[in-house]
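Hello,

Here is the structure you asked about. Please open it alongside this email.

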Amino acid sequence: MKKSIKDLGDIKGKRALIRVDINVPLDENKNVTDDTRIQAIVPTVNYLKEKGAKIILMAHLGRPKGERKPEFSLEPVAKYMAKVFGEEIVFIPSVEEAAPFVEKLQDGQIALLENIRYYKAEEAKDDDMTFAEELAKLGDFYVNDAFGAAHRNHTSTAKVAKLVKPAVSGLLMEKELRCLSQALDNPTRPFTAVVGGAKVSSKIGVLENLIDKVDNLIIGGGMAYTFVKANGGKIGNSICEDDQLEVAKAIEKKAAEKGVKLVMATDVLATNDFSGNGENKFVAINEIPDGFEGVDAGPDSRKAFAEVLKSSKTILMNGPVGAFENPKFAEGTKAVLEAIVEATKNGATSVIGGGDSVSAAKKFCKAEDFTHVSTGGGASLEFIEGKVLPGVAALDDAE
Ligand code: AMP
């Protein structure tokens, strides 16, 4: 457990240097098109405001790769945030100019520093602490609320936390860590994981770590075909990684040894046109005709997945069970999510971790229908793999 802002004493008048993840999408007119990440930091910012701290936010936008590129400026985001917080956000145009802006801040006032990735030193993979020292001058204590960037070993996510003490987690970071670790380390059983997505290779770490922890493992989506082929099935033109056939076999063997129930699709929706406008038909997953590829779980598989999910008490989903972006191939993923929602209503803990599952969850259900929908794609993936996140490791341990 890491210390959080709730463990801090009197912080009135103190300068809170906070790393947040407000990497939001902007349209061509620089309007924020999805403010989920901004809304997610509101509790932390408001908590610190109410305590009278001076708030200095550090964040990145996109990948300017160490250069001051105006298209990656956070200024339009500061303007949008003014509407969210109902007050002007002091925009600090550069680290070099930051000191006088920070000095003038009133208790409870909010400032946002320009894109931290304008500086090469932010992402540099070295031990040079010069940039971290510059940033450290701006804060009396450090808060990391950027779960979505916690897997990065960067200056603003990890190095600064070594210089500004106390270094604590924000409320969003705390919730992310609590929900993910509770599911992984202390699950109410039965514990079921749904692992889907396009490739086995990108989910090996996830599968290997989960197999030691879960009771049931539902494997769906594009990666299932590598398993089917490894067992001699006919997969037609389905997505498959021939160099992962042995890995798939090893995962199956480990599941058997550990007594983990592997739940694979038995039937699939196959198509001869990935755009969805060709012929689409349900076939057995190991008898997909040439010229066709599996793109979604079929009705029998949906039923089997839903049955397991509805009797589970802890559920973790990482990856869709079909190419759900196309509405014609979305029914399987929708059925899985609806079963998770039902289980949640009946008292199960459900955690949706990772980029594509999160967009599917929001598309077909409401975020509130789940116990927790993670804000971090790469970070939640690495957490589920059991890796240490540098941005978390750098924070102070709770007493
Ligand atoms: P990942 O980033 O590995 O979690 O993969 C997510 C992507 O996998 C989504 O964009 C899905 O459209 C895609 N996907 C899931 N099932 C399939 C499938 N059967 N064939 C092709 N792509 C798929």
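Below are notes on its salt bridges.

First, a caution: this is a predicted model. A search of the whole structure turns up 23 salt bridges.

Start with Lys258 and Asp212. Their side chains form a salt bridge, at 3.0 Å from N to O. Lys258 belongs to helix H10 (residues 245-258), while Asp212 sits in the loop between helix H8 (204-211) and strand S8 (216-219), so the pair ties together parts 46 residues apart in sequence. Lys258 is partly exposed, at 47% relative accessibility. Asp212 is partly exposed too, at 44%.

Helix H10 also holds Lys253 and Glu257, four residues apart, or about one turn of the helix. Their side chains meet in a salt bridge at 3.6 Å, N to O. Lys253 has 56% relative accessibility, so it counts as exposed. Glu257 is exposed as well, at 59%. The cut-off for exposed is over 50%.

Next, Lys387 and Glu385. Is each side of this pair buried or partly exposed? Lys387 is partly exposed, with a relative accessible area of 45%. Glu385 is buried, because its relative accessible area of 19% falls under the 20% limit. The salt bridge between their side chains spans 3.0 Å, N to O.

Best wishes

Note on methods. Residues are numbered from 1 along each chain as its sequence is written. This is a predicted model: local features need pLDDT of at least 70, side-chain atom pairs count only at pLDDT 80 or more; totals for chains, interfaces and linings use all residues. Side-chain values use heavy atoms; hydrogens and water are left out. A salt bridge is a side-chain nitrogen of Lys or Arg within 4 Å of a carboxyl oxygen of Asp or Glu. Helices (H or I, at least four residues) and strands (E, at least two) are DSSP runs, numbered from the N terminus. Buried means under 20% relative accessible area, exposed over 50%, partly exposed in between (1.4 Å probe, protein chains only).
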